[in-house]
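Here's a quick briefing to read alongside the model. Have the sequence and the 3D view open, and follow along by topic.

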Amino acid sequence: MRDGAVTRVKGDPAHPANFGDVCAKAVHLPPALRAPGRLLHPMARARRGAPLERVPWELALRTVAERFREILAAHGPDAIAFYASGQLLTEEYYVAGKLAKGFVGTNNLDTNSRLCMASAAAGYARSLGADGPPAAWEDIERADCFLLVGTNTADCHPVAFKRIRRRKREAPEDVSVIVVDPRWTETADLADLHLPLRPGSDIALLNGMLHVLRREGLLDAGFVAARTSGWDALRAVLERYPPERAAVLTGLSAESIVAAALRFGRARAALSLWSMGVNQSHVGTDKNAAIINLHLATGQIGRPGAGPFSLTGQPNAMGGRETGGLAHLLPGYRLVADAAARAAVERHWGLPAGAIAATPGRPALEIFEGLAAGEVRAIWILCTNPAASLPDLDLVEKALRQADLVVVQDAYDPTETTRFADVLLPAAQWPEKAGVMTSSERRLTYLPKLVEPPGEARPDAEILTRFAHEMGWKAAFPYESPAEIFDEFATLTAGTVCDCSGVSHARLAAEGPLQWPVPAADHPGTARLYADGRFPTPDGRARFVPVEHDEPVEPPDAAFPLTLTTGRVRDHWHTMTRTARAPALVARTPEPVLEVNLHDARRAGIQDGDFVEITSRRGKAIAQCRVSAAIREGTCFLPFHWGRRAGFYKSANNLTLAARDPLSRQPELKACAVRLRRAAGGPA
Ligand SMILES: Nc1nc2c(c(=O)[nH]1)N[C@H]1C(S)=C(S)[C@@H](COP(=O)(O)OP(=O)(O)OC[C@H]3O[C@@H](n4cnc5c(=O)[nH]c(N)nc54)[C@H](O)[C@@H]3O)O[C@H]1N2
Ligand SMILES: Nc1nc2c(c(=O)[nH]1)N[C@H]1C(S)=C(S)[C@@H](COP(=O)(O)OP(=O)(O)OC[C@H]3O[C@@H](n4cnc5c(=O)[nH]c(N)nc54)[C@H](O)[C@@H]3O)O[C@H]1N2
Ligand SMILES: [Mo]
């Protein structure tokens, strides 16, 4: 810190999740905090087509309130939607949810977490009875088998990856690492066994592994009998997945599937870590079930070193789940569809019975489809950049152009999304505000405010609170500080699976981070869930879910012969509103690069370094290519960080499709069909 500005970022050696280790993006963040492009004042336009002009806060909020009242009167509450983010603080999430679901009267509040962990949340709930990753980071030091599925941990969870690498290096003979990814990544470098499967075929692999474990007598029959239900139905499905058939479906060898099964089955403690290669699929929830099945059948859950452990991507995606930040949820892992849950929340918010609508709201993509169809009239977007990060960007842009009212609350301008705003609200970002975030292992951390926000930027919770006052709901939003908001939220979680009622800002600040459940002020927190073998289902047993392989929604064909998968690179964060302003990161990774297999490149007449035109049924992108054997034949990879503002054809989401999982409603961002050709006019 110098002159009220952040000059250097370093980790907190006392933090139990990272022991002071931080990733490169955080280290290089300071220049982005004060960079040109920070949104410093509210802006509004008189009408569509007119330029955005600076307005005072009061006028900006009053304008939105007036438009809201008109739309409510003319079209009802479900014509309004909120689209928020796993990067908000817990307090901000909570206020947004209360405002939308309790007071505006619509459950149309969803978040970018729908693109991210929706399948994991749905998967845990279906198999274990409730959402919530059961394991802890300290399990890394206790595990002797790591099954890493669809996660490029080295680039995307570098601190966790270093812990895994240390564990592997300390006991190379005893610890095995299996990496399941169509690409050879930095993560795969650590693997004893890298399984470059066909995109989307994880269920065939996992079912095949479980088939082998059963054949080899490596199941935990006692655990299955005492703690689970549904084994017989799953066993019948597993009959159809001998390794020879799983090999055909996955494009792997039968031997490698057997080898993976034996490594997992012979481990004393097996930890599975997974992320977007699993969740971003039209069978994402089923893939989650297949991983959890493996752990239940072998009793690898609820004890040190063992468990299914989904990696959450965004810093507070977990807090979003806890506060009810998806269209079907209410705070405390409650469901909108559950009448008793609605009643409990209505009482807490001082609302009459029946105030919260009984039907779940629209998930992320359905909000934008609703806007495009004229069924949704207004959208308030906060802390996310959908005009770059959603699939099928033409649809998203159409939706935003068509809307009667677009409110965007961001820390920067321009972004792909602020371009469409009628009202633009300047948000404070980390480290300009205080609040709580929860990490993958259910650990709540208090983030203190370190510096003043620039210009007129304000914390998101304060903006939402002031708007609630403008709408006449001051009595229900009396907050003077984020600590008060947190207390109201924490009390509401009492007795639920994610009980945080023993947590407060003061306690976190004094004692340090805590893992929920923390049901009392003197409760020490909970390292892992289900240590007693009891699950939050009606009969207390975890459920085996029989799941089947299914091909991607858009398989390759003669016209579009390759499968495109999309994802991340080490040096950029999402849509680059911050990392593009960090010169060191841009210097290391200035442009998107398409990864292509050498056989596919030869067939398409492409050479390493060529500029390549990538075409799908929805659009086109252009990128320089890297030709290698590090990606499976038939598959290519393009990072999605570059939005249309960086150059229209740099955007991977010109290509991706809006197909989604029927249960989690998470889009299939990891597979669509494309063709390649050398771009005309590019440097030869
Ligand atoms: N550097 C960096 N780190 C980040 C982020 C960032 O933007 N940049 N974002 C954060 C967020 S929000 C998230 S969600 C996480 C995401 O973290 P990850 O999920 O690790 O990142 P991705 O690159 O999206 O996808 C991971 C891998 O899935 C593979 N994959 C694709 N299709 C399949 C498939 O069908 N099966 C399997 N098994 N694998 C497949 C891809 O080849 C890719 O290597 O990262 C977090 N960390
Ligand atoms: N093709 C493809 N698309 C993907 C993915 C993929 O793997 N492939 N991954 C998906 C996943 S997992 C994710 S999580 C999404 C991420 O997608 P987005 O959420 O759209 O990406 P971000 O760039 O993180 O957007 C965050 C926005 O909030 C702003 N911001 C930062 N801090 C604050 C704050 O404190 N308050 C407010 N109000 N604003 C703030 C930033 O400037 C930025 O505009 O992308 C998804 N899209
Ligand atoms: Mo994410």
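Two strands are said to pair if DSSP finds at least two bridges between them. Helices (H or I, at least four residues) and strands (E, at least two) are DSSP runs, numbered from the N terminus. With that in hand, tyrosine 83 stands opposite isoleucine 381 in strand 13.

Some ground rules: this is a predicted model, where local features need pLDDT of at least 70 and side-chain atom pairs count only at pLDDT 80 or more, while totals for chains, interfaces and linings use all residues. Residues are numbered from 1 along each chain as its sequence is written, chains are lettered from A and ligands numbered from 1 in the order in which they are written, and side-chain values use heavy atoms, with hydrogens and water left out.

- Seven strands make an open sheet in the order 2-1-15-14-13-3-4, and the pairing is mixed.
- Strand 2 and strand 4 (109-111) are the edge strands; each has a single partner strand, so one side of each is left without a neighbour in the sheet.
- Strand 3 (residues 80-84) runs parallel to strand 13, joined to it by four bridges.
- On to strand 14 (residues 405-410): five bridges pair it with strand 13, again in the parallel sense.
- Within that pairing, isoleucine 381 has valine 408 as its bridge partner in strand 14, and isoleucine 379 has valine 406.
- Strand 14 also pairs with strand 15 in the parallel sense, over four bridges, with aspartate 410 bridged to proline 426.
- Strand 1 and strand 15 are antiparallel, with two bridges between them; there, methionine 43 sits opposite leucine 424.

**What's covered**

- Five of the five residues of strand 13 (residues 378-382) are buried, where buried means under 20% relative accessible area, exposed over 50% and partly exposed in between (1.4 Å probe, protein chains only).
- Which residues of strand 13 lie on which side? Ala378, Trp380 and Leu382 are on one face and Ile379 and Ile381 on the other, and all are buried.
- In strand 15 (residues 423-426), Val423 and Leu425 point one way and Leu424 and Pro426 the other, and all of them are buried.
- Helix 14 (residues 284-297) is mostly covered too, with 14 of its 14 residues buried.
- From first C-alpha to last, the 14 residues of helix 14 reach 20 Å, close to the 20 Å expected at 1.5 Å a residue; the expected span is 1.5 Å times one less than the number of residues.

- As background, most residues other than glycine have a negative phi, and most peptide bonds are trans.
- Aspartate 413 and proline 414 are joined by a cis peptide bond, with omega about 5°, and proline 414 is in the loop between strand 14 and strand 15.
- Tryptophan 516 to proline 517 is also a cis peptide bond, with omega near 0°; proline 517 falls in the loop between strand 18 (514-515) and strand 19 (542-543).
- Tyrosine 333 isn't a glycine, but has a positive phi of about 55°. Tyrosine 333 lies in the loop between strand 11 (329-330) and strand 12 (334-335) and is buried, with a relative accessible area of 14%.
- Cysteine 383 has a positive phi as well, near 65°. This cysteine 383 is in the loop between strand 13 and helix 18 (386-389), and is partly exposed at 24% relative accessible area.

**Exposed loop residues**

- Proline 51 is in the loop between strand 1 (43-44) and strand 2 (53-54), and is exposed, with a relative accessible area of 53%.
- Leaving aside neighbours within four places in sequence, proline 51 is in contact (heavy atoms within 4.5 Å) with Ala44 and Arg45.
- The C-alpha atoms of proline 51 and aspartate 422 are separated by 9.2 Å, though the two are 371 residues apart along the chain.
- Glycine 472 is in the loop between helix 20 (460-470) and helix 21 (482-492) and counts as exposed at 59% relative accessibility.
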